[in-house]
Amino acid sequence: MDPVENPFRPGAGRRPPVLAGRERILSNFDVVVRRAENYGEGDRSWVINGLRGVGKTVLLNELMSQANARKWIVAKVEASTSAPLRKVLATELVKALRTATGRHADRSKWKRVLGVLRSFTLKLGIDGITLGIDVDPVHGVADSGTFGDDLAALLEVIGEASLEFGIGTLILVDELLEAGTDDLEAVNMAVHSLGQAPTPLPVFFVGAGLPSLPAQLADAASYAERLYVYQPIGLLSPDDVRTALVEPCEQRGVTWQEDALAAAFELARGYPYFVQSIGKHVWDLAAGPAFTMDDVQAGGALAREEIDAGLYRSRWERATTAQRRLLTGMAHLKGEDPVEIGELAAHLGKARTSDLSVARQELIKKGLVYAPERGLVAFTVPGMADFVIAQDA
């Protein structure tokens with residue numbers, strides 16, 4: 001098969017040719033968009049949570065693409081421990097509003113928004129930015145120095161502008177769990193404030209992160225449990241895997257034999273990242289135009305090697321000897337499932353659960369494990385347990 005024609009796109013954040021299994025979320029977003037544009041009304045913000053490689057970033061990018069196509073005000077950032085979320089978000093909002101002033105050219109309507117934004121950024125110590133329009137700071141709005149209050153005030157002003165132009169504002173934060181507790185508390189506060197109006201303004205916030213993100217948001221503010229619509233995404237069903245593999249090929253006149261398709265599903269086990277990798281390698285190796293069991297066995301082996309060498313090994317090599325012992329214990333005890341810290345400590349011959357605290361916390365910081373609930377720990381990447389067990393063989 002011609003690799004130039006290959007439709008599959010493995011890789012972090014890369015959009016697959018078919019977003020199989022995510023139709024419900026995309027349909028729900030269409031409702032958000034139509035409500036904002038038809039009635040000038042905002043909706044409850046979302047939190048998209050799931051393991052590494054299940055497509056959270058892909059979904060955020062798809063929402064961003066759809067909103068941009070409708071000339072919304074759109075800002076997307078990735079939270080990290082290296083920079084405060086408030087500064088990253090402020091910088092991206094500057095870019096978003098510069099784009100919006102070009103899309104909606106009545107500049108007189110933007111002066112107050114940009115004046116408030118200038119006050120907001122100056123209070124955060126971000127100077128030297130160019131807004132595209134020469135405006136003075138609007139004092140007394142979004143410049144109190146309390147990030148949650150100021151963000152709420154800024155989003156209210158942006159929301160009012162959105163309403164006037166008949167559009168919405170979309171703010172996307174990937175890896176939201178990496179934000180500091182103060183920033184998470186401020187985001188909760190701002191989202192909560194937006195939702196208090198009798199008719200909420202058309203400002204829509206979407207955060208994404210690991211399955212532990214809802215608990216982190218709730219730790220930052222107890223009302224977060226009721227504040228967001230939680231949109232968990234996970235592994236693909238057999239029907240979704242079939243769709244993801246078959247539809248892109250059918251569009252190019254290529255088919256899968258049924259036994260080959262079943263074998264591909266067994267290899268991928270519903271992991272979207274692996275589905276794309278298998279599809280890519282099978283396509284590149286096969287003679288076509290019908291993929292066979294032999295094609296899947298050969299392509300699947302290459303996909304496994306690629307994922308082992310990249311996705312899994314890179315994580316394994318970041319772990320210290322003590323951390324690897326903990327990972328190995330997790331894999332042997334429960335595989336992909338969460339394991340109780342007490343059970344893990346006993347398995348590793350530790351007298352107290354606190355003996356694992358340092359290694360566990362460092363692994364959480366490195367993104368190799370997460371705490372789905374208090375007292376539990378689990379791998380962040382599907383399939384990591386099998387890789388770890390193989391290293392112990």
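**Group meeting: a walk through the predicted model**

Let me start at one residue. Leaving aside neighbours within four places in sequence, serine 277 is in contact with Pro10, Ala303, Glu306 and Ile307, where contact means heavy atoms within 4.5 Å. Serine 277 belongs to helix α11. Serine 277 is buried, at a relative accessible area of 0%; buried means under 20% relative accessible area, exposed over 50%, and partly exposed in between, with a 1.4 Å probe and protein chains only.

A word on the source. This is a predicted model, in which local features need pLDDT of at least 70 and side-chain atom pairs count only at pLDDT 80 or more, while totals for chains, interfaces and linings use all residues. Residues are numbered from 1 along each chain as its sequence is written, and side-chain values use heavy atoms, with hydrogens and water left out.

Now the whole protein. It has 16 helices and 10 strands; these are DSSP runs numbered from the N terminus, helices being H or I of at least four residues and strands E of at least two. The radius of gyration is 23 Å, close to the 21 Å from the globule rule for 393 residues, so the protein is as compact as a globular protein of that length. That radius is taken over C-alpha atoms, and the rule is 2.2 Å times the number of residues to the power 0.38. Along the principal axes, the C-alpha atoms fill a box of roughly 65 × 60 × 35 Å.

Of the 393 residues, 49% count as buried. Among contacts with a separation of 6 or more, 73% are between residues 24 or more positions apart.

Next, charges. Which residues are we counting? Lys and Arg count as positive, Asp and Glu as negative, and His and the chain ends are not counted. There are 42 positive and 51 negative charges, and their mean positions are 4 Å apart. The place of a charge is NZ of Lys, CZ of Arg, CG of Asp or CD of Glu.

Side chains of opposite charge can pair when their charged atoms come close. A salt bridge here is a side-chain nitrogen of Lys or Arg within 4 Å of a carboxyl oxygen of Asp or Glu, and by this rule the count comes to 13. I will show some of them.

In helix α1, residues 23–39, aspartate 30 and arginine 34 are 4 residues apart, about one helical turn. Their side chains meet in a salt bridge at 2.9 Å, N to O. Both are partly exposed: aspartate 30 has a relative accessible area of 37%, and arginine 34 has 43%.

Arginine 35 pairs with aspartate 43, with the closest N and O atoms 2.4 Å apart. Arginine 35 is partly exposed at 30%, and aspartate 43 is partly exposed at 27%.

Back to helix α11, residues 272–285, where lysine 280 and aspartate 284 are also 4 residues apart, about one helical turn. The closest N and O atoms of this salt bridge are 3.0 Å apart. Aspartate 284 is partly exposed at 27%, and lysine 280 is partly exposed at 27%.

Not counting residues up to four places away in sequence, arginine 22 touches Val54, Leu59, Ile233, Gly234, Leu236 and Pro272.
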